[in-house]
Amino acid sequence: MDANTADCLFCKIVAKEVPATVVRETGTALAFRDINPQAPTHVLVIPKEHHPTAAELAAASPALLADVVTLAAEVAAEDGVDGTGYRVVFNTGPHAGQTVFHVHAHVLGGRGFEWPPG
Ligand code: AMP
Ligand code: ZN
């Protein structure tokens with residue numbers, strides 16, 4: 001593990017050093033419930049490999065980004081929110097409220113959401 005990932009909370013969740021409520025896991029990606037849910041379904045989907053943002057993940061490994069989005073859809077189906085609809089959000093940078101710099105898709109569902117977002 002290099003210096004970039006040693007202090008990363010989500011790398012620690014991948015390594016099972018920090019507990020999480022895992023809902024689904026593949027060879028390349030992990031889905032777990034957000035500790036502070038903002039909707040009845042609020043799951044975070046991450047690549048197991050450390051990349052800070054969605055754009056950096058896309059540049060480094062498009063297939064891995066596809067794995068994350070595919071797993072997000074599987075989680076939505078498993079939670080039964082695919083029919084009513086759900087939102088997938090990649091917060092990127094301070095104005096978007098990104099606090100953990102290991103890319104993660106928020107999968108939100110189970111209630112209606114406003115647009116534009118707050
Ligand atoms: P963001 O603000 O987009 O970087 O999202 C980070 C998300 O991680 C927030 O929604 C937090 O509630 C969530 N979070 C922080 N620590 C944990 C944890 N240990 N387990 C699960 N979710 C967490
Ligand atoms: Zn990480």
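What is the volume of the largest pocket? I looked this up first, and the answer is about 780 Å³.

**Confidence.** I reminded myself that this is a predicted model, so I went to the pLDDT values next. The protein has a mean pLDDT of 96, with 97% of its residues at 70 or more. I found the lowest confidence in helix α1 (residues 3–6), where the mean is 69. Strand β2 has the highest, at 99.

**Pocket lining.** Back at the largest pocket, I found 34 residues in the lining. Nearest its centre lie D34, Q38, H42, N91 and H106. I then checked which elements give two or more residues to this lining: they are α2 (9–14), β2 (29–33), β3 (41–47), β4 (86–89) and β5 (105–109). The most comes from α2, which gives three residues. Sorting the lining by class, I got 17 nonpolar, 12 polar and five charged residues.

**Polar contacts.** For H106, a polar side-chain atom lies 2.8 Å from a ligand oxygen. For H104, a side-chain N or O atom is 2.9 Å from one. V100 uses its backbone instead, with an N or O atom 3.0 Å from a ligand oxygen. Finally, I checked cover: on its own, ligand 1 has 510 Å² of accessible area, and the protein covers 83% of that.

Methods: Residues numbered from 1 in each chain as written. Chains lettered and ligands numbered in written order. Predicted model: local features only at pLDDT ≥ 70, side-chain atom pairs only at ≥ 80, totals over all residues. Heavy atoms only, no water. 1 Å grid on protein atoms, 1.4 Å probe; cavity = no way out; pocket = protein on both sides within 12 Å on 5 of 7 lines; lining within 4 Å. Points joined across faces, edges and corners; volume = space filled by probe spheres on them. Helix = DSSP H or I, 4+ residues; strand = E, 2+ residues; numbered from the N terminus. Nonpolar A, V, L, I, M, F, W, Y, C, P; charged D, E, K, R; others polar. pLDDT = per-residue confidence, 0-100. Polar contact = N/O pair within 3.5 Å; in protein donor to acceptor, adjacent residues only side chain to side chain. Areas by Shrake-Rupley, 256 points an atom, 1.4 Å probe, with all protein chains shown as cover.
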